[in-house]
Amino acid sequence: MDCSLKYSCIFMCMNIIMLLPAFSYSQTLVSKASFYSTSDGMGTPSGACGYGDYGKDVNNGEVCTASRRLYRNGAGCGACYQVRCKNNALCSEEGTKVVVTDSADGQETDLILSYKAYAKLAKTPSLAAHLCGKGVVDIEYRRVSCGYGGNLMVKIHEDSKYADYLAIVVLNQGGATDIHAVEIYEEESQQWISMRKAYGAVWDLSSPPCGDLKVRFLTSTSVESKWVQSDKAVIPAQWKVGLTIETDIQLT
């Protein structure tokens with residue numbers, strides 16, 4: 001790739017983005033939830049968010065598939081919800097916290113939980129089998145912070161091809177913050193270049209700039225929308241597939 005080439009204006013123009021506010025911490029919603037099974041009761045690496053193995057193991061496998069209205073074309077990926085079911089005989093008062101890693105619409109359900117997460121809704125482990133036997137339960141849920149600690153991470157997606165095509169997946173998002181746009185900084189033109197939303201939490205760019213790349217994110221919470229930027233080079237010049245980089249950005 002010839003790093004001296006100027007990029008066409010298509011990469012310089014910012015797409016018009018409709019910012020949909022994240023669900024408020026205080027907003028409690030009523031719906032139904034079901035569950036899906038895997039060999040170990042945890043998540044699946046093939047979810048629509050594009051997380052891979054991270055989507056299977058994050059939050060100790062207590063993850064969920066979200067309806068389209070919560071998934072929001074991938075803006076809902078990484079969101080955390082505190083979920084409790086309303087069967088007082090079987091369900092605990094606290095419920096459990098789940099992370100969105102996939103998208104699908106069930107029958108009148110907003111959330112389809114991994115088996116491990118669904119079982120945690122029960123008052124006791126001995127009641128989990130009874131709860132799972134019902135298949136679908138009435139729930140209340142609200143958006144919360146995941147409470148991971150640590151900073152936002154960027155992983156070079158497996159579909160990337162150095163140095164002609166760069167795809168990244170955003171990890172450790174925080175849970176209460178949505179990401180609506182991602183840009184990388186080109187030193188030569190001293191301009192920010194918009195990445196394309198490929199799907200889920202995956203963003204990509206053909207013919208990316210050379211050198212170390214700074215990254216910034218257009219974020220929103222229930223309170224505000226703003227750009228957040230790394231104060232250091234995030235993606236190294238010699239990036240490679242599978243590389244995971246921790247930024248100096250922390251989101252709630």
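This report goes through the confidence, the nonpolar cores and the cavities of a predicted model.

The chain averages a pLDDT (the predictor's confidence in each residue, from 0 to 100) of 89, and 90% of the residues score at least 70. Residues 1-21 are below 50, yet beyond near neighbours in sequence this stretch has 44 contacts in the model; a contact means heavy atoms within 4.5 Å.

Local features need pLDDT of at least 70 and side-chain atom pairs count only at 80 or more, while totals for chains, interfaces and linings use all residues. Numbering runs from 1 along each chain as its sequence is written, and side-chain values use heavy atoms, with hydrogens and water left out.

## The nonpolar cores

A nonpolar core here is a set of buried Ala, Val, Leu, Ile, Met, Phe, Trp, Tyr and Cys residues joined through side-chain atoms within 4.5 Å, where buried means under 20% relative accessible area with a 1.4 Å probe, protein chains only. The largest one has 26 residues, and Y81, V83, L111, L113, L131, I139 and Y141 touch the most other members. Apart from it lies another core, of 23 residues, including L152, I184, I193 and F217.

Take L111: leaving aside neighbours within four places in sequence, its contacts include K32, C64, L70, V83, I139 and Y141.

The whole structure has 2 cavities of 30 Å³ or more. A cavity is a set of points on a 1 Å grid over the protein atoms alone where a 1.4 Å probe fits but cannot get out, and lining residues have an atom within 4 Å of a point. Among the residues lining the largest cavity are C77, K197 and W203. V99, Y148 and N172 are among those lining the second largest cavity.

Note on methods:
Buried means under 20% relative accessible area, exposed over 50%, partly exposed in between (1.4 Å probe, protein chains only). On a 1 Å grid over the protein atoms alone, a cavity is a set of points where a 1.4 Å probe fits but cannot get out, and a pocket is an open set with protein on both sides within 12 Å along at least five of seven lines; lining residues have an atom within 4 Å of a point. Grid points are joined across faces, edges and corners, and a volume is the space filled by probe spheres set on the points.
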